[in-house]
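This briefing sets out the fold, the helix packing and the side-chain pairings of the structure shown below. Please read the points with the structure in view.

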Amino acid sequence: MHATSIISAFRVTTLFCIATLSLCSVGCGKKAPPDAETPAGAPAQPSSTSAQPAAPAAQAAPTGPVPSFSAASKVGLYAYPGKGQSHDQQLIDESDCYNSAQQQTGVNADTPAPQPPSSADVQAAQAQAADAAPQQKGGRAKGAAKGAVGGAVIGGIAGDAGKGAAIGAGVGTVRGGRQQRKGNAAAKDQASAQAGADVQQQYQNQKAAYDQQLNTFKRAFSACMDARGYSVK
């Protein structure tokens, strides 16, 4: 009876060991999931945790109210941001530098440029100068006197000095009047031409003064923008 119990216990133990070994072999023989295997020679797949390109840095918010226009364009300049400034920030900086340049130079860049004179303006100045031109007088009388003297000499030779003087006076009067009219017309033409030249010269002087002031303003504006990191052309 004792031997039979030992044999039964041995059989139970043996069956338990066989079952345990079977379970181990089944568990160890399982394959890894398809997505965990990498075929031989295949390129390695990038890890989901690989580094991604850095996102661009966000631009700073504008430091004040944004103007609706470019102050640089008002004076014929172009500004380029050198430190990544946003478009709105550039408009703010341009407005600030525009006001600063006006205060430093005393130049009002909003003043329009002088306009060249129109043909009507030139003609009006010429007509006024022609009317004011000095005119010769007494030309007919002087011509008559000279003519009479010459005619009397000629008439005396012919035996009638009085008649010669009268003829000479008439001829002298016509000649004197013609010369006077010619001289007066030349004076009017000269005055008219000079008036037209004066109008054009006045405009050139005004334009030169305006350009000089505007250039001074542009230098002050550019210096301010340069200090804020812009390139101005």
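A residue counts as buried under 20% relative accessible area, as exposed over 50%, and as partly exposed in between. R228, at 33% relative accessibility, therefore counts as partly exposed. The model is a predicted one. The chain contains 6 helices and 2 strands, and the structure holds 4 salt bridges and 1 aromatic pair.

**Overall architecture**

- Starting from the N terminus, the elements follow the order α-α-β-α-α-α-α-β.
- The chain has 233 residues, of which 24% count as buried.
- Among contacts in the chain with a separation of 6 or more, 81% are between residues 24 or more positions apart.
- About 16,600 Å² of the chain is accessible surface, and carbon and sulfur atoms account for 59% of that surface.

**The aromatic pair**

- A pair of aromatic rings is described by the distance of the centres and the angle of the planes.
- By this description, the count comes to 1 aromatic pair.
- The ring centres of Y98 and F217 are 5.1 Å apart and the ring planes stand at 70 degrees, so the arrangement is edge-to-face; the cut-off for that class is an angle over 60 degrees.
- Because Y98 belongs to helix α3 (residues 87–105) and F217 to helix α6 (residues 161–227), the pair ties together parts that are 119 residues apart in sequence.
- Y98 is buried, at a relative accessible area of 5%, and F217 is likewise buried, at 0% relative accessibility.

**Salt bridges between separate parts of the chain**

- Side chains of opposite charge can pair when their charged atoms come close.
- The side chains of R228 and D96 form a salt bridge with an N to O distance of 3.3 Å.
- D96 is partly exposed, with a relative accessible area of 34%, and R228 is partly exposed at 33%.
- A network of salt bridges links D93, D96 and R228.
- D110 and K74 also form a salt bridge, in which the closest N and O atoms are 2.9 Å apart.
- Because D110 is in the loop between α3 and α4 (119–131) and K74 is in helix α2 (residues 71–74), the pair ties together parts that are 36 residues apart in sequence.
- D110 counts as partly exposed at 44% relative accessibility, and K74 counts as partly exposed at 44%.

- D211 forms a salt bridge with K207, and the closest N and O atoms of the two are 3.0 Å apart.
- D211 and K207 are 4 residues apart in helix α6, which means that about one helical turn separates them.
- An α-helix has 3.6 residues a turn, so residues three or four places apart point the same way.
- D211 is partly exposed at 29% relative accessibility, and K207 is partly exposed at 26%.

**The two faces of helix α4**

- Helix α4 consists of 13 residues and spans 18 Å from its first C-alpha to its last, close to the 18 Å expected at 1.5 Å a residue.
- V122, A125, A129 and A130 are the residues of α4 to note as buried.
- The face of α4 turned away from the buried side carries Q123, Q128 and D131, which are exposed.

- A187 is located in helix α6.
- The C-alpha atoms of A187 and A133 are 6.2 Å apart, although the two residues are 54 residues apart along the chain.
- With neighbours within four places in sequence set aside, A187 is in contact with A133, P134 and Q135.
- Q89 is part of helix α3 and counts as buried at 12% relative accessibility.
- With neighbours within four places in sequence set aside, the contacts of Q89 are A61, P62, T63 and Y230.

Note on methods: Residues are numbered from 1 along each chain as its sequence is written. This is a predicted model: local features need pLDDT of at least 70, side-chain atom pairs count only at pLDDT 80 or more; totals for chains, interfaces and linings use all residues. Side-chain values use heavy atoms; hydrogens and water are left out. Rings of Phe, Tyr and Trp (its six-membered ring) pair if their centres lie within 6.5 Å; planes under 30 degrees apart count as stacked, over 60 as edge-to-face and the rest as tilted. Buried means under 20% relative accessible area, exposed over 50%, partly exposed in between (1.4 Å probe, protein chains only). Contact means heavy atoms within 4.5 Å. The expected span of a helix is 1.5 Å times one less than its number of residues. Accessible areas come from the Shrake-Rupley method with a 1.4 Å probe; for residues, only the protein chains shown count as cover.
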